[in-house]
Amino acid sequence: MSQNKRIYLDYAATTPVDPEVFEAMRPYFAEKFGNASSIHQFGVEAQEGIVLARRQVADFLGCDSKEIIFTSGATEGNNTIIKGIGSNKNLTGGKKPHIIVSSIEHDCVLGSAEYLKENDLAEITFLPVNKEGLAEIGELEKSIKDNTVLVSVMYANNEIGAIQPAREIGALIKKLNENRSQKIYFHTDAAQAVNYLDCDVKRIGADFMTISAHKIYGPKGVGALFVRQGSPFSRLMNGGEQEFKMRAGTHNTPGIVGLGAAIEKVKKQGSQIEKTKNQRDRLISGIFDKISGSALNGSRDNRLPNNANFRFEGVEGESLLVSLDMEGIAVSTGSACAAKSLSPSHVLLAIGLNHLQSHSSIRFSLGRLTEDSDIDRVVSLMPKIIERLRSISGNLEGGTVERGKLPDDFGC
Amino acid sequence: MYSDEVMKHFKSPRNMGKMENPDAVGEVGNPVCGDLMRLYLRVGKNEKGENFIEDIKFETLGCVAAIATTSMITELAKGKTFKEVLKIKFGDVEKSLGSLPPVKLHCADLSVKALHKAIQNFKE
């Protein structure tokens with residue numbers, strides 16, 4: 001392992017807890033430890049922390065405090081909405097409901113949709129995206145049916161950072177709902193968006209929105225779900241009366257307080273986003289300048305300011321990830337070779353890349369602690385690493401491997 | 001995730017690179033899992049008149065395990081007769097590397113297939 005400073009460029013996977021957030025959480029572990037549902041003073045001081053956090057989140061989303069349900073994170077929020085609304089036959093007068101999810105959603109949305117499909121609980125349309133990774137309004141409109149109850153399109157993609165036309169989708173659904181007896185609900189997974197984009201639920205026109213604390217310098221294991229008042233929502237956990245009887249379970253007080261504090265910090269981050277964007281742009285131009293056979297995956301413009309997802313001809317992503325890790329640089333890859341399954345990223349396939357191109361991709365995601373010198377170091381190291389891997393693969397020129405010319409396929 | 005031996009082969013692959021005028025080439029791969037392996041053989045005859053692998057080189061586009069397994073199989077095969085080489089199983093490659101994550105066992109299998117294919121290519 002290298003003696004140099006470690007460089008973390010995987011902020012889309014998770015972020016460190018901000019020191020101010022940590023300080024806000026601290027009293028709620030051992031001092032204000034009460035059960036927020038208890039009536040005595042211990043309970044009340046815990047409850048106060050939750051009330052404040054709920055207001056902080058609601059203020060950020062432009063909604064009422066009563067419309068915020070604290071969860072264990074985005075996976076829970078997304079499962080709850082997709083399964084809960086997607087299987088709700090009351091919405092369709094007994095008919096099997098139809099839901100539309102984009103094909104680049106997070107696995108927790110796609111997995112929930114697959115669950116509904118496999119159990120014959122809902123009809124699913126997986127909405128394709130264009131080469132830039134963007135859902136198209138026209139395609140969405142065409143896939144709406146009489147029994148459509150839910151459209152779920154993420155606000156920004158976790159892998160390629162593609163910012164989806166959430167407001168346009170919200171506006172389309174609002175317009176369609178004017179002439180329908182059966183309302184379509186709009187859910188957006190905003191886990192990656194909160195730190196960078198306007199998440200006002202009214203401006204977006206969302207009925208449901210999922211957020212997560214650990215993507216915004218808050219703690220892991222806590223998130224929130226916005227549920228527009230009057231929306232159908234059935235409780236997922238049975239038990240106590242927490243969260244307006246919607247989600248039973250003793251409140252994770254330190255976590256919830258941390259989520260509130262993290263959101264407050266997002267509101268006040270000022271020029272940080274611009275700084276991140278400039279660093280990201282430096283990374284992109286540095287890589288393009290120095291490495292032939294490199295390309296950016298996803299849209300150049302409709303992209304989260306901290307995301308750069310590249311592919312390199314003649315190089316496999318996991319080898320590249322491990323090579324960077326040996327230098328103390330942490331990134332992610334769309335190559336399944338780094339995961340448990342063997343098929344590459346569904347997102348990269350959905351934007352039209354072939355398997356080899358998908359396997360040759362890595363994601364850099366920058367954040368608040370990224371320094372200019374970190375980017376310089378990456379840009380100076382990458383050419384050597386790519387050259388070494390290309391010399392191993394016998395593809396020094398970085399030429400394209402045509403699928404038709406591939407040798408026998410022996411399966412995996 | 002990877003054993004020290006796997007990392008050693010990844011950092012300094014043995015017998016890596018192209019071979020000029022090889023006697024045989026074996027190429028296998030799978031675009032779905034992203035691994036492409038190519039083995040080059042220089043074949044000699046020993047005093048008994050048996051074919052043996054005088055020299056061997058590899059090129060691999062793939063993950064750390066794919067690179068390490070091809071590197072290892074070149075070590076296992078170099079200097080051996082065809083008869084000996086055809087007895088190498090993917091488990092031998094794995095064992096020589098200490099261990100492989102279960103999901104990466106197919107890489108060892110693929111490296112064995114590349115070797116078989118190269119020998120077959122020579123016989124043709």
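The radius of gyration used here is taken over C-alpha atoms, and the globule rule sets it at 2.2 Å times the number of residues to the power 0.38. Keep that in mind as you open this predicted model and start with the whole of chain A.

**Stop 1: chain A as a whole**

Select chain A and zoom out. With 412 residues, a compact globule would have a radius of gyration near 22 Å, and chain A agrees, with 22 Å. Colour by secondary structure next: chain A has 14 helices and 13 strands. Of the 412 residues, 58% count as buried. If you display contacts between residues at least 6 apart in sequence, 71% of those in chain A join residues at least 24 apart.

**Stop 2: the nonpolar cores**

Now select Leu283(A), Phe312(A), Leu320(A), Phe364(A), Met382(A) and Leu115(B). These are the residues with the most contacts inside the largest nonpolar core, which has 66 residues. Notice that the list names residues of chain A and one of chain B, Leu115(B).

Centre on Met382(A). Which residues does Met382(A) touch, not counting those up to four places away in sequence? They are Ile287(A), Ile291(A), Phe312(A), Leu320(A), Leu324(A), Ile362(A) and Phe364(A). There is also a second, separate core of 62 residues, and you can find it by selecting Ile50(A), Ala53(A), Phe70(A) and Phe226(A), which it includes.

**Stop 3: Ile385(A)**

Go to helix α14 of chain A, where Ile385(A) is found. At 9% relative accessibility, Ile385(A) counts as buried. Show its surroundings and leave aside neighbours within four places in sequence: Ile385(A) is in contact with Leu320(A), Ser323(A), Leu324(A) and Glu327(A). For a sense of distance, draw a line from Ile385(A) to Gly111(A): C-alpha to C-alpha they are 36 Å apart in space, and they are 274 residues apart in sequence.

**Stop 4: Arg311(A), a charged side chain inside**

Select strand β10 of chain A, residues 307-312, and pick out Arg311(A). Is Arg311(A) buried or exposed? Arg311(A) is buried, yet has no salt bridge. The nearest side chain of opposite charge belongs to Glu313(A), 5.1 Å away, whereas a salt bridge needs the nitrogen and oxygen within 4 Å.

Look instead towards Asn297(A): a polar contact of 2.6 Å joins its side chain to that of Arg311(A). Beyond the neighbours within four places in sequence, the contacts of Arg311(A) include Gly293(A), Ser294(A), Ala295(A) and Leu296(A), and also Leu353(A), Gln357(A), Ser360(A) and Ser361(A).

**Stop 5: a salt bridge across the sequence**

Over all chains, the whole structure holds 34 salt bridges. To see one of them, select Arg368(A) and Asp18(A), whose side chains meet at 3.7 Å, N to O. Arg368(A) sits in the loop between β13 (361-365) and α14 (372-393) and Asp18(A) in the loop between β1 (7-8) and α1 (19-25), so the pair ties together parts of chain A that are 350 residues apart in sequence. Both residues are buried.

**Stop 6: chain B**

Hide chain A and select chain B. What is the order of its elements from the N terminus on? They run α-β-β-β-α-α-α-α, giving 5 helices and 3 strands. The radius of gyration of chain B is 14 Å, close to the 14 Å of the globule rule for 124 residues, so chain B is as compact as a globular protein of that length. Its C-alpha atoms fill a box of roughly 45 × 25 × 20 Å along the principal axes. Of the 124 residues of chain B, 55% count as buried.

**Stop 7: two salt bridges in chain B**

Begin with Glu5(B) and Lys8(B), whose side chains meet in a salt bridge at 3.3 Å, N to O. They are 3 residues apart in helix α1 (residues 4-11) of chain B, which means that about one helical turn separates them. Glu5(B) is partly exposed at 24%, and Lys8(B) is partly exposed at 45%.

Finish with Arg14(B) and Glu75(B), a salt bridge with the closest N and O atoms 3.4 Å apart. This pair links distant parts of the chain: Arg14(B) is in the loop between α1 and β1 (24-30), and Glu75(B) is in helix α2 (residues 64-77), 61 residues apart. Arg14(B) is partly exposed at 25% relative accessibility, and Glu75(B) is partly exposed at 40%.

Notes: Residues numbered from 1 in each chain as written. Chains lettered and ligands numbered in written order. Predicted model: local features only at pLDDT ≥ 70, side-chain atom pairs only at ≥ 80, totals over all residues. Heavy atoms only, no water. Helix = DSSP H or I, 4+ residues; strand = E, 2+ residues; numbered from the N terminus. Buried < 20%, exposed > 50% of the residue type's maximum accessible area, 1.4 Å probe, protein only. Lys, Arg positive; Asp, Glu negative; His and termini not counted. Polar contact = N/O pair within 3.5 Å; in protein donor to acceptor, adjacent residues only side chain to side chain. Contact = heavy atoms within 4.5 Å. Core = buried A, V, L, I, M, F, W, Y, C linked by side-chain atoms within 4.5 Å.
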